Amino acid sequence: MANTIISVNNLVKHYGQFQAVKGISFDVFEGEIFGLLGPNGAGKSTTLEIIETLREKTSGTVTVDGYDLDKQPQAIKNIIGVQLQTSGYYPGLNLLQLIELFCGLYNRDVDPMVLLDMVNLKDKAKSKVKELSGGQRQRFSVATTLINDPRIIFLDEPTTGLDPQARRSLWELISKIRDRGTTVIITTHYMDEAEYLCDRVAIIDAGKIIGLDTPDKMIDNLVASGFERPKEMKMANLEDVFIHLTGHSLRED
Ligand code: ADP
Ligand code: MG
């Protein structure tokens, strides 16, 4: 059986009178890609940032790799990777220099070129963040989550606004990180992304979890309940056509 690495119990978050998160509970298993899938305003980022120790909760308990969020937030910080805001802060530095800077902040000794190679940005080592495409920027942002060799990384809507090729390239990267043994928790409002990428998904709406399972199981359950699609499914969709026409292989975006 899979080990539980994150356990969230009855988590509540109020912003003044407004209840953004209304008592949610879920476990994340070690080595999986766990998705929080929901529309804008559902409470995804709030939930993620509480687990990341970046936001105060109103009530509930959170345990990360055995550490209680209330008692050992620093221990949690040490084993997680969060996306750092790279644009804006140090506009004069190139990717290599930024990674070196973050290595210093984390007191880690990683080879920046190995990390850039991992995210397919070795050619861009001397470029600045502002010179990157949207997809490259996101891959660099993912690279920054890996600097402290974390057990878990957190990605908040990493593919929002990217074109199909860049999204697929990011999906490959995230799968690769999972396959190396890192647990990934990701938020998205894209159904296809959750279905393709996530091992398990919690569907969250208006601060509540309304479904949690593997994408396959959720689809099977819906079909077993007698649901039928009004229109016959085609074997491909327009995105497949687009990817086919613009090039089969993942492009260096
Ligand atoms: P999601 O990431 O799913 O889009 P968020 O967690 O960002 O949702 O926000 C959930 C709800 O909480 C939204 O209605 C949002 O407007 C509200 N909210 C988020 N942050 C704050 C804040 N700092 N103060 C007040 N309300 C907030
Ligand atoms: Mg959000």
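Modeller: The model is predicted, with local features needing pLDDT of at least 70, side-chain atom pairs counting only at pLDDT 80 or more, and totals for chains, interfaces and linings using all residues. Residues are numbered from 1 along each chain as its sequence is written, chains are lettered from A and ligands numbered from 1 in the order written, and side-chain values use heavy atoms, without hydrogens and water.

Biologist: What makes a residue part of the group around ligand 1?

Modeller: A heavy atom of the residue must lie within 4 Å of the ligand. Y15, F18, A20, P39, N40, G41, A42, G43, K44, S45, T46 and R55 are around ligand 1. By class they are 5 nonpolar, 5 polar and 2 charged.

Biologist: Why is the pair between S45 and ligand 1 called a polar contact?

Modeller: The cut-off is a pair of N or O atoms within 3.5 Å. A polar side-chain atom of S45 lies 2.8 Å from a ligand 1 oxygen, so the pair qualifies. A backbone N or O atom of K44 is 2.9 Å from an oxygen of ligand 1. For Y15, a polar side-chain atom is 3.4 Å from a ligand 1 nitrogen.

Biologist: How much of ligand 1 does the protein cover?

Modeller: The protein covers 60% of the 560 Å² of accessible area that ligand 1 has on its own. The area comes from the Shrake-Rupley method with a 1.4 Å probe.

Biologist: Which element gives the largest share of the shell around ligand 1?

Modeller: That is α1, with 3 residues. Helices are DSSP runs of H or I, at least four residues; strands are runs of E, at least two.

Biologist: What makes an open set of points a pocket?

Modeller: On a 1 Å grid over the protein atoms alone, a 1.4 Å probe must fit, with protein on both sides within 12 Å along at least five of seven lines. The largest pocket has a volume of about 700 Å³. Of its 21 lining residues (an atom within 4 Å of a point), M191, E195, I219, R229 and M233 are closest to the centre. The largest share of the lining, 5 residues, comes from α8.

Biologist: How do you know that N10 touches S59?

Modeller: Contact means heavy atoms within 4.5 Å. N10, in strand β1, touches G23, I24, S25, S59 and G60, not counting residues up to four places away in sequence.

Biologist: What lies at the two ends of α9?

Modeller: At the start, a side-chain oxygen of N237 reaches to within 3.1 Å of the backbone nitrogen of E239. After α9 comes G247, with a positive phi near 130°.

Methods. A polar contact is a pair of N or O atoms within 3.5 Å; within protein, one must be able to donate a hydrogen and the other to accept it, and residues adjacent in sequence count only if both atoms are side-chain atoms. Ala, Val, Leu, Ile, Met, Phe, Trp, Tyr, Cys and Pro count as nonpolar, Asp, Glu, Lys and Arg as charged, and the others, Gly among them, as polar. Grid points are joined across faces, edges and corners, and a volume is the space filled by probe spheres set on the points.
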